[in-house]
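Me: I've got a structure to go through with you. Can we take it piece by piece?
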Amino acid sequence: MTALPSIAFSLLLLSVFLLGVLTLRLASRTRDQQRELERLNDALRRSRELAEQQQTKLAQRSTLDTVKDEFISTVSHELRTPLTSIRGALGLLTSGMLGEIEPKAQNLLRIASSNTERLIRLINDILDLERMESGRDSLKLRRSSILDLAREAIDTITPMADNAGIRLDLNCAAPRDAIYFDADPDRILQVLTNLLSNAIKFSPSGSTVWVQIHSDVNSLLLKVIDQGRGIPPDKLETVFGRFQQVEAADSSKKGGTGLGLAICRSIVQQHGGAIWAQPNRGGPGTTLWVQLSRSARSSDSTSPEQTTMPVTERGDGLVLVCDDDGSIREVVAEQLRQQGYDILQAGSGEEAISIARQQIARAAGLVNDDRSARPIAAILLDLHMPGLTGWETLERLRESPTTAAIPVIILSVSPPSERMQPQGLAQGWVQKPFNEKLLLAELHRVLISSSGAGQVLLVEQDQQTANVLLSGLREAGVRVDHAATLQQAVDRCLLGAPELMVLDMNLPDGDGFSLVDWMKRQPTLSDVPMVVYSGRELTDAEIQRLRLGPTQLLNKAKVRPKQVEDMVLMMVQRRPETAAVA
Amino acid sequence: MRRILIIDDEDDIREVAALSLEATAGWEIMTASSGADGIQAAANGKPHAILMDVMMPGMDGPTTFRQMQLNPETAGIPVLLLTAKVQGVDQRRFADLGVAGVLFKPFDPLTLALQISQTLGWND
């Protein structure tokens with residue numbers, strides 16, 4: 001009987017012990033929660049303070065902008081008033097309307113007149129530049145034709161060209177439906193007129209200034225090529241600065257203000273484009289390149305950070321570079337490697353064909369992790385080579401069933417307008433001397449159009465989450481593209497509507513709402529089915545705002561990648577066209 | 001012969017503009033150096049058009065224009081503003097006023113008359 005009380009006692013002890021442990025754990029959890037709460041409170045307070053500071057800064061900046069605006073406007077007015085009298089008086093005297101003037105005096109009047117004109121241009125240019133850089137004079141965008149604008153600029157400048165004895169030549173290699181873009185036509189016209197006027201000023205009499213227009217899937221490219229004295233390599237970039245002429249005497253000799261190219265760059269950048277200068281290969285003169293986006297993504301956004309160049313996606317794939325010039329091969333290879341491509345090189349057409357065939361054989365006995373054993377994604381091909389020429393190489397590649405489907409981009413000194421190719425032999429064209437951006441854009445375009453865009457677009461900023469979803473979906477046989485930013489998502493959507501979009505509401509350069517709002521305004525994107533996942537519960541109004549086509553909502557905190565995958569698979573397979581293919 | 005009234009507070013600009021219109025188009029020119037004088041001159045002289053500065057001490061160009069619109073003697077005379085303000089915001093403001101046109105300083109003395117004729121649709 002003595003055992004019973006001792007068991008009871010042990011049980012009591014045990015319960016007291018357990019109760020103690022439980023209490024301690026509860027207490028520690030409460031302490032943890034307390035700490036977490038304090039931390040959150042702290043964070044909240046800090047972010048409120050930050051928001052207030054930003055608000056104050058914004059208000060200060062806005063006041064400063066107004067003051068600066070008024071100052072510029074007043075100064076410009078005060079300078080123009082005396083200039084009006086000077087210009088008027090000189091103009092009437094020089095015209096001879098008020099009586100004959102002897103030649104020496106006439107020459108002095110001419111000097112005074114032309115310098116008055118220069119001063120007026122300078123004031124106009126300063127005002128123009130200030131207005132643009134302040135960002136207060138917004139672009140008036142509308143769908144414009146680059147070809148029409150180039151023609152208009154040429155018409156405007158023809159009298160000047162005639163006076164200087166210079167021929168103007170316009171050549172458009174872009175297909176008819178690819179010449180349209182979103183632009184402020186007056187501003188782009190200002191850029192083109194300025195570039196042409198520069199080219200004429202610095203070209204010898206009897207020479208030609210060419211304007212060439214090219215296009216790719218996302219952008220337009222316009223070149224102004226002159227045969228003038230050229231720009232020294234160290235000045236290729238500085239000419240776009242303010243008052244940075246190649247020679248100090250240029251502003252007085254050529255009547256420029258030293259602000260023309262700065263204004264051009266400012267306008268082009270406002271359009272989300274780029275402008276740069278390059279010396280002509282193997283000849284005198286300079287080529288000015290203007291790259292312009294075909295759709296005005298930047299204008300859809302209120303954020304000034306968005307007016308940058310479109311992000312070029314990193315490359316992926318094995319590219320064969322075929323050129324008999326080893327140094328060109330190496331330059332191209334290096335540029336592509338830096339973008340993430342793997343490279344094979346061939347020094348002749350014969351070698352290129354042989355490598356392409358070997359690679360098919362290697363890829364057939366594919367070892368999964370060996371990146372070098374992948375099939376060739378594209379071939380960059382020179383035209384003028386000893387032995388097999390580029391065209392002959394291309395024909396042989398097309399004759400053999402194993403190599404017939406490999407996309408080929410011609411890399412040649414000849415412009416694409418002179419291509420005498422049978423249709424469909426080559427998928428792309430880059431003219432030498434080539435610009436890196438153009439080469440990458442063309443390769444990217446060819447790779448996308450040959451592979452076909454994915455069915456599903458995954459918009460997710462977190463690379464790890466994206467990788468999990470991408471590999472899961474790809475294993476299930478779904479073609480998926482990935483966009484990590486709002487900008488990339490817009491870029492991808494412009495290539496064609498995805499069958500389904502998987503959207504994370506948090507993006508580094510905006511949020512899911514901005515993307516969906518933009519899609520609503522695009523006729524081909526306004527009914528895309530969506531799987532939306534968000535970090536928080538969405539209100540009914542928000543859910544309504546996100547709805548395009550059939551829409552599924554998932555809470556990020558409660559859902560696992562596998563469930564997102566299943567949802568995507570279900571929705572993709574439910575689509576009738578996919579069902580038909582499957 | 002066309003008769004033009006120039007209203008500008010700057011003596012030099014009045015003189016140059018008058019000389020330019022007389023010499024290139026042979027028009028008859030009247031001048032006034034303020035908005036108030038301008039209204040008086042317009043009512044008395046009945047010009048075919050008025051070329052008027054924007055920034056003037058006392059009554060500025062837009063105010064003078066509005067006053068003229070209220071007066072039946074001057075309401076029908078087309079008014080062109082001649083301004084050194086070239087910013088977009090100013091131009092839009094002028095366009096909203098309902099003037100016949102806006103010309104910019106510094107003007108070209110040899111083509112000023114032509115610009116006025118074109119703006120007003122004069123063919124003579």
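Me: What is the mean pLDDT of chain B, and what share of its residues reach 70 or more?
Reply: This is a predicted model. Chain B has a mean pLDDT of 91. In chain B, 95% of residues reach 70 or more.

Me: What ipTM and pTM does the predictor give the complex?
Reply: The ipTM is 0.80. The pTM is 0.47.

Me: Stay with chain B. How many helices and strands are there?
Reply: Chain B has five helices and five strands. Along the sequence they follow β-α-β-α-β-α-β-α-β-α.

Me: What percentage of chain B counts as buried?
Reply: 36% of its 124 residues. As for contacts in chain B with a separation of 6 or more, 60% are between residues 24 or more positions apart.

Me: Now β4(B), residues 79–83. Why is it called largely enclosed?
Reply: Four of its five residues are buried, so the rest of the structure largely encloses β4(B).

Me: Which strands are joined to β4(B) by bridges?
Reply: One is β3(B), residues 49–53, joined to β4(B) by four bridges and running parallel. Another is β5(B), residues 101–104, also with four bridges and also parallel.

Me: Where does B:Leu80 sit in those pairings?
Reply: B:Leu80 is the bridge partner of B:Leu51. B:Leu80 also stands opposite B:Gly101 in β5(B).

Me: Which helix goes with β3(B) and β4(B) in a β-α-β unit?
Reply: α3(B), residues 61–70. The unit is right-handed.

Me: Which residues of α3(B) are buried?
Reply: B:Gly61, B:Thr64, B:Phe65 and B:Met68. Down the helix axis they fall within an arc of 100 degrees, so they line one face of α3(B).

Me: What does the face of α3(B) turned away from the buried side carry?
Reply: The exposed residues B:Thr63, B:Arg66 and B:Leu70.

Me: Switch to chain A. How many helices and strands?
Reply: Chain A has 17 helices and 19 strands. Of its 582 residues, 31% are buried. Among contacts in chain A with a separation of 6 or more, 66% link residues 24 or more positions apart.

Me: Take the sheet with β8(A). What is the strand order?
Reply: β9-β8-β10-β11-β12 in chain A. It is an open sheet of five strands with parallel pairing. The edge strands are β9(A), residues 342–346, and β12(A), residues 428–431, and each pairs on one side only. Neighbouring strands are turned by 20 degrees against each other on average, direction ignored.

Me: How many bridges join β8(A) to β9(A)?
Reply: Five, and the two strands run parallel. A:Val321 stands opposite A:Gln345 in β9(A).

Me: Which helices pack on or lie across these strands?
Reply: α8(A), residues 326–338, packs on the sheet and touches β8, β9 and β10 of chain A. Its direction makes about 170 degrees with that of β9(A). α10(A), residues 390–399, lies across β10 and β11 of chain A, at about 155 degrees to β10(A).

Me: What is A:Val408 in contact with, leaving aside neighbours within four places?
Reply: A:Ile379, A:Leu381, A:Leu394, A:Leu397, A:Ala426 and A:Gln427. Also, A:Leu380 is 28 residues from A:Val408 in sequence, and their C-alpha atoms are 5.9 Å apart.

Me: And the sheet with β13(A). What order there?
Reply: β14-β13-β15-β18-β19, an open sheet of five strands in chain A with parallel pairing. β14(A), 480–483, and β19(A), 551–555, each have a single partner strand, so one side of each lacks a neighbour in the sheet. The twist averages 15 degrees from one strand to the next.

Me: How many bridges join β13(A) to β14(A), and which helix lies across them?
Reply: Four bridges, with the strands parallel. A:Leu457 has A:Asp481 as its bridge partner in β14(A). The helix is α12(A), residues 463–475, running at about 170 degrees to β14(A).

Definitions and conventions: Residues numbered from 1 in each chain as written. Chains lettered and ligands numbered in written order. Predicted model: local features only at pLDDT ≥ 70, side-chain atom pairs only at ≥ 80, totals over all residues. Buried ≥ 20, exposed ≤ 12 C-beta atoms within 10 Å, placed from the backbone. Pairing = 2+ DSSP bridges. Right-handed = clockwise from strand over helix to strand, strands pointing away. Axes fitted to C-alpha atoms, helices over the stretch in contact; angles between N-to-C directions. Contact = placed C-beta atoms within 7 Å. Arc of directions from axis to C-beta. pLDDT = per-residue confidence, 0-100.
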